[in-house]
Amino acid sequence: MDNLKNITIGVVTYNNADEIGELLDSITECSSFHDLTVYLYDNASTDNTAGVVKEKYPWVRLIEGKKNLGFGRAHNEIIKLVKSKYHIIVGPDVNIHTDTITDAAKYLDDNPDVAVLTPFVLNPDGTQQYLPKRNPKLKYLLGGTFENKFKWAARLRAEYTLKDKVITEPIDVEFCTGAFMFTRTNMLIGVGGFDDRYFLYSEDADLTRKLRSIGRAVYVPNIRITHKWHRDNRRWRKKTFWIALHSNIKYMMKWSKM
């Protein structure tokens, strides 16, 4: 499928019927909306996510999966279709601010050595959301799991996310969050997209590391998004801890050989 627009967006959903509208509405309000093509791969949701998109957002190029492929594999199905200058990987629980895409595109235009950009992330209440910016390590997984219980864990989490640093200018980072990755499409395709072996978690760290082999990964604090993030939900954290651990170990085993 040819794409004549400069910027494509890839979204992967799984039972996101109650929140996908907020993301898609925010995209329509972007200053660059008419230069965008949006692809959405639905991972066989059981809550009518695909139905909501078809009914309310017919301009979205919807791909209805027959089973849950996971985050990275589903995004790869989208990446196979795009021929844009820039491609954005964005989570279904994100609100993109009006000038975010325009500003990110300009930053990459002005900095041709940058392969991927990650933004300043806000919680819905307007506070800063601190997401990883260093390569994953087992200690950081433990830090994130127990940060609200132990001081040592909170220190590890702060180290992992650079929460302990005041950052007002763009800096190079090791890890760009999968909540919003603004990439050069040719570089994204050049590294083969996501590693299909990850079902969930660590695939964004892995992709960042691959992109860093051919360009820079940069955190730009004046470019912003809002991210709902379900991490504070105890049931969610318990359910996903073992998936995250498995992915983290897979990541470390892979990159220890490099």
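Mentor: Leu138, Leu142, Phe150 and Trp152 make a nonpolar surface patch of about 350 Å². Keep in mind that this is a predicted model, where local features need pLDDT of at least 70, side-chain atom pairs count only at pLDDT 80 or more, and totals for chains, interfaces and linings use all residues. Residues are numbered from 1 along each chain as its sequence is written, and side-chain values use heavy atoms, with hydrogens and water left out.

Trainee: Why is tryptophan 152 called partly exposed?

Mentor: Buried means under 20% relative accessible area, exposed over 50%, and partly exposed in between (1.4 Å probe, protein chains only). Tryptophan 152, in helix α6, has 39%, so partly exposed is the label.

Trainee: What makes histidine 87 count as buried?

Mentor: Histidine 87 sits in strand β4, and its relative accessibility is 0%, so it counts as buried.

Trainee: Why is the pair of tyrosine 251 and tryptophan 255 called tilted?

Mentor: Rings of Phe, Tyr and Trp (its six-membered ring) pair if their centres lie within 6.5 Å; planes under 30 degrees apart count as stacked, over 60 as edge-to-face and the rest as tilted. Here the centres are 6.4 Å apart and the planes at 45 degrees, so the pair is tilted. Both residues belong to helix α9, four residues apart, which means about one helical turn.

Trainee: And how do you know whether tyrosine 251 is buried or exposed?

Mentor: Tyrosine 251 has 1% relative accessibility, so it is buried. Tryptophan 255, at 15%, counts as buried too.

Definitions and conventions. Patches are made of residues with over 30% relative accessible area and no salt bridge: like charges are joined within 9 Å, nonpolar side chains (Val, Leu, Ile, Met, Phe, Trp, Tyr) within 5 Å. Accessible areas come from the Shrake-Rupley method with a 1.4 Å probe; for residues, only the protein chains shown count as cover. A salt bridge is a side-chain nitrogen of Lys or Arg within 4 Å of a carboxyl oxygen of Asp or Glu. Helices (H or I, at least four residues) and strands (E, at least two) are DSSP runs, numbered from the N terminus.
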